[in-house]
Amino acid sequence: ALERDLPHYRGKKDFEESHRIANIGWSSYFVLSIFSSLLLGVVSFMMRGQLFLSVLVGLYLLSEKFFRAYDTDSRIRFQYVNNGISDLLSALSSLGIIWILLPKFGIYGIFIGLTLASLLSAYFLSRKFRLEFHWHFNVHETFAIIKVAVPLAIMVYAIELFHATALTILALRFDETTLGYFAFAFRIFQIFLAIFPYFIQELMRARMYYQIAQTKDQGSHWQHLASPIMMYGFITALFWLSLYWWADWGIFLIAPVYTDTIFAVKILSLTLLPLGILKIFSDYLCSRLYNKTRLVVLSWILGIVLQSALLSMGILNPQNILIKVPIIYLVSTLLIFVLVVGASFRMKEYVFKSLSRVLFLFFPLFIGCTVIFLLKSFFQYAPSRDFGDNVFPFVYSVIITFFVGLGAIRFTRSKIFAS
């Protein structure tokens, strides 16, 4: 809620409301964090009966919340470089400290290491800026801001549930071996999710709220959003081309037992483009200016329902899971894409313009797939486990997609997304 509202009111130049939200929000955040840490410590002591361990667990949660306050505020201030450095510092310092303490202190060393790493990262960010708020805690106002935050939290959890649906249903229906093959493909895909859709969402969220609050003319928003979105589509298209040509060689080299999962990885990775755009436009519709969080939540829930229904039907067996499940995931993603992006483009009012914008978002990936089709049709090129066989088609497809994609981005700025 703070990551949405603070940039919004700063974009409106309403600094009085911005300070009020910061005072109430951060005060409530720290009160809830302290309460959660105490509660976790008490529950841990009741379950384990180890006072020192319970204290460490509670302190770790509190230190993590303290760091996340600075982490969130760094994105609100658009300090993405410091934000990235702090996350890297947290990861590396926790690894180093735990590596040293674990042999001597066991599980206690883990929580000590995580706590110290969180405090070190928070200290690094505190040297760059400080949290600007005055302590102001009021129960009524705290519940009011919680009420604002709950729909946004539901949206986040709905997205996470959407990603977890396939693995959960397969775990209920099939044996460990069958599930293990799909889990391997899906874990690789989740790494790609963290690199692409999650990254573009974190990068754009606060800045987008700030920019769209500066005007009520929806058409002008695309001047700020079009180029980053098209660039994201361009980068993910090039990444998918790399994956298409080299996944067979890479997986066969590193984990030959999982070569049957190559198709699943490729199909799942096709969703990186719509998922990244979906995350941006989900935040867009949840902004203070539009406040259509219910529509976004409903769209993701419908995607979960469709995915669950298709996975629960009798069309799956151990032999076709790696083919049909990724396709079901892709179809469910595209359903949500149509609902969310269509609403963002006001498709009911501007059908032709909205459709042209939606289709153009997929243009770089379409070019890449077209090049692959032509190479296969006319030259019989296909991904190979031999490194040398993939070099020419990979370079050729990347060059064509690169230059056509750059031209598309330039065209987008002046034509498709013009207000």
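Start by coloring the charges: the mean positions of the 35 positive and 22 negative charges of the chain are 4 Å apart. Here Lys and Arg count as positive, Asp and Glu as negative, with His and the chain ends left out; each charge is placed at NZ of Lys, CZ of Arg, CG of Asp or CD of Glu.

Some ground rules before moving on. This is a predicted model, where local features need pLDDT of at least 70 and side-chain atom pairs count only at pLDDT 80 or more, while totals for chains, interfaces and linings use all residues. Residues are numbered from 1 along each chain as its sequence is written, and side-chain values use heavy atoms, without hydrogens and water.

Now zoom out to the whole chain. You'll find 16 helices and zero strands (DSSP runs numbered from the N terminus: H or I of at least four residues for helices, E of at least two for strands). The C-alpha atoms fill a box of roughly 70 × 55 × 40 Å along the principal axes. Of the 419 residues, 48% count as buried (under 20% relative accessible area; exposed is over 50%, partly exposed in between, with a 1.4 Å probe and protein chains only). Among contacts (heavy atoms within 4.5 Å) between residues at least 6 apart in sequence, 80% join residues at least 24 apart.

Next, select Asp5. What does its side chain pair with in a polar contact? The partner is the side chain of Arg288, at 3.1 Å (a polar contact is an N or O pair within 3.5 Å; within protein, one must be able to donate a hydrogen and the other to accept it, and residues adjacent in sequence count only if both atoms are side-chain atoms). Asp5 sits in helix H1, residues 2-11, and is buried because its relative accessibility is 2%. Leaving out residues up to four places away in sequence, Asp5 also touches Ile21 and Val148.

Stay at that end of H1 for Lys13, in the loop between H1 and helix H2 (15-48). Most residues other than glycine have a negative phi.

Asn291 is another one to click: its phi is positive too, at about 55 degrees, although Asn291 is not a glycine. Look for Asn291 in the loop between H11 and helix H12 (293-312); with a relative accessible area of 47%, it is partly exposed.

Last stop: Leu273, in helix H11 (residues 272-285). Is Leu273 buried or exposed? Buried, at 3% relative accessibility.
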